[in-house]
Amino acid sequence: MERLAKSLALKMYNNQLIAYDSIDNYSYAIEMCAIRIFGWVILLSIAALIGWFLEICCYLLFFSMIRQYGGGIHLNSLFGCLFVSIALTILPVVLFQFGIPFSICQGGVILSMIFVILIGSVNNENIAWNTEEYRKAKRINRLIVFAEALIIFISLFLNINDKYVFFMMYGMVSASASMLLDYLRQRGGEKNEEIRIKDSQGC
């Protein structure tokens, strides 16, 4: 995928569509777009094959909105990321059929909303927002999580089919959990760095 993206970016440069110093940026952008499209095609194909297409669309919509502006944990491997994405897409089908209590899901939605409102977004080396972009992402993500929680509770009040509401809740909670994991990872890294600096100063 990386080689193909680089080749397309070079072709754009040869056709005088981009400057030479923009090749790496365009190559990365093309690669990310291709990976995202590939991932969505795989996940939606699986959703159609197992007969839960609309439900999984609800999950993907609620998950991806928070993921877009909230950040979250990233894996280094494309195949690792794809494997986890497939597992997370199939998991709500299993959980729903297992009969997980809705009260637990509702509690997860409330905790997710509180966490996102407090933290906003999680910046990391893969996203690398600048200060202004980070502030904007925080504002947008807080609005998104509030809107998602509102839609979920209105859907419950209107007695919308439990399956769709469950997948909405799962999308919101899993995206917030990904943010939490990345937040804890970064805090752990900061503490380890502080310990390393203290040890070096002590020596």
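The legends below describe close-up views of a predicted model.

**View 1. The largest pocket and the residues at its centre.**
The largest pocket holds about 1,500 Å³ of space. Its lining counts 36 residues, and those closest to the centre of the pocket are Met32, Arg36, Arg67, His74 and Cys81. Two or more lining residues come from each of helix 2 (23-50), helix 3 (53-70), helix 4 (78-98) and helix 7 (162-202). Helix 2 gives the largest share of this lining, with nine residues. Sorted by class, the lining of the largest pocket has 21 nonpolar residues, 12 polar residues and three charged residues.

**View 2. The second largest pocket and its lining.**
The volume of the second largest pocket is about 210 Å³. Its lining is made up of Leu88, Leu95, Ile100, Ile104, Cys105, Gly108, Phe166, Met169, Tyr170, Val173, Ser174 and Ala177. The largest share, six residues, belongs to helix 7. By class, 10 residues of the lining are nonpolar and two are polar, while no charged residues are present.

**View 3. Phe115 and Ala177.**
Phe115 is part of helix 5. With a relative accessible area of 16%, Phe115 is buried, because the term applies under 20%. Ala177, one of the residues lining the second largest pocket, is 62 residues away from Phe115 along the chain. The C-alpha atoms of Phe115 and Ala177 are 9.4 Å apart.

**View 4. A nonpolar surface patch that includes Phe146.**
Phe146 belongs to helix 6 (residues 131-157). The relative accessible area of Phe146 is 49%, so this residue is classed as partly exposed.

**View 5. The salt bridge between Lys163 and Glu55.**
Three salt bridges are found in the whole structure, and one of them joins Lys163 and Glu55. The closest N and O atoms of this pair are 3.0 Å apart. Because Lys163 is in helix 7 and Glu55 is in helix 3, the pair ties together parts that are 108 residues apart in sequence. Lys163 is partly exposed, at a relative accessible area of 26%, whereas Glu55 is buried, at 5%.

**View 6. The salt bridge between Arg135 and Glu132.**
In this salt bridge the side chains of Arg135 and Glu132 meet at 3.9 Å, N to O. Both residues lie in helix 6, where Arg135 and Glu132 are three residues apart, or about one turn of the helix. Glu132 has a relative accessible area of 48% and is therefore partly exposed.

**View 7. The salt bridge between Asp182 and Arg185.**
The closest N and O atoms of Asp182 and Arg185 lie 2.7 Å apart, and the two residues form a salt bridge. Asp182 and Arg185 are separated by about one helical turn, because they are three residues apart in helix 7. Asp182 has 0% relative accessibility and so counts as buried. Arg185 is partly exposed, with a relative accessible area of 38%.

Technical notes
Residues numbered from 1 in each chain as written. Predicted model: local features only at pLDDT ≥ 70, side-chain atom pairs only at ≥ 80, totals over all residues. Heavy atoms only, no water. 1 Å grid on protein atoms, 1.4 Å probe; cavity = no way out; pocket = protein on both sides within 12 Å on 5 of 7 lines; lining within 4 Å. Points joined across faces, edges and corners; volume = space filled by probe spheres on them. Helix = DSSP H or I, 4+ residues; strand = E, 2+ residues; numbered from the N terminus. Nonpolar A, V, L, I, M, F, W, Y, C, P; charged D, E, K, R; others polar. Patch = residues over 30% accessible without salt bridge, like charges linked within 9 Å, V, L, I, M, F, W, Y side chains within 5 Å. Areas by Shrake-Rupley, 256 points an atom, 1.4 Å probe, with all protein chains shown as cover. Salt bridge = Lys/Arg side-chain N within 4 Å of Asp/Glu carboxyl O. Buried < 20%, exposed > 50% of the residue type's maximum accessible area, 1.4 Å probe, protein only.
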